[in-house]
Amino acid sequence: MPDPMDKPQFDALMARHGIPLTAAEREGIRAVSGHILAMAARVRTPREAGAEMAVTFAPRAATP
């Protein structure tokens, strides 16, 4: 399980972007922040052309 962001780092990030959160919202989002960061790292990873669905999908021709 990924570790969440440090509390001061998370608070600074929310303040920098002007996101108003209650204490409960802040702790809930901070608790899953490690998973969010891990997901973002996977999304930003370059993939080979075969991983693109548009390359592998071949629709059938429409029949009149």
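User: What should I know about the model and the numbering?

Analyst: This is a predicted model, where local features need pLDDT of at least 70, side-chain atom pairs count only at pLDDT 80 or more, and totals for chains, interfaces and linings use all residues. Residues are numbered from 1 along each chain as its sequence is written, and side-chain values use heavy atoms, with hydrogens and water left out.

User: OK, how many helices and strands does the protein have?

Analyst: The protein has three helices and zero strands, in the pattern α-α-α along the sequence. Helices (H or I, at least four residues) and strands (E, at least two) are DSSP runs, numbered from the N terminus.

User: And how much of the protein is buried?

Analyst: Of its 64 residues, 11% count as buried. The accessible surface is about 5500 Å², with 63% of that belonging to carbon and sulfur atoms. Those areas come from the Shrake-Rupley method with a 1.4 Å probe, and for residues only the protein chains shown count as cover.

User: Back to Ile29. Which residues make the nonpolar surface patch with Ile29?

Analyst: Ile29, which is in helix H2, makes the patch together with Val32, Ile36, Met39 and Val43, and the patch area is about 430 Å². Patches are made of residues with over 30% relative accessible area and no salt bridge; like charges are joined within 9 Å, and nonpolar side chains (Val, Leu, Ile, Met, Phe, Trp, Tyr) within 5 Å.

User: Now the charges. How many salt bridges are there?

Analyst: There are four salt bridges, counting a side-chain nitrogen of Lys or Arg within 4 Å of a carboxyl oxygen of Asp or Glu. Lys7, Asp11, Arg26, Glu27 and Arg30 are linked in a network of them.

User: What about Arg30, buried or exposed?

Analyst: Arg30 counts as buried because its relative accessible area is 18%. Arg30 sits in helix H2 (residues 23–43) and forms a salt bridge with Glu27 at 3.4 Å, N to O. Glu27 and Arg30 are three residues apart in that helix, so about one helical turn separates them.

User: What else does Arg30 touch?

Analyst: Leaving aside neighbours within four places in sequence, Arg30 is in contact (heavy atoms within 4.5 Å) with Pro4, Met5, Asp6, Lys7 and Phe10. The Arg30 side chain also reaches the backbone oxygen of Met5 at 2.7 Å.

Notes
Buried < 20%, exposed > 50% of the residue type's maximum accessible area, 1.4 Å probe, protein only. Polar contact = N/O pair within 3.5 Å; in protein donor to acceptor, adjacent residues only side chain to side chain.
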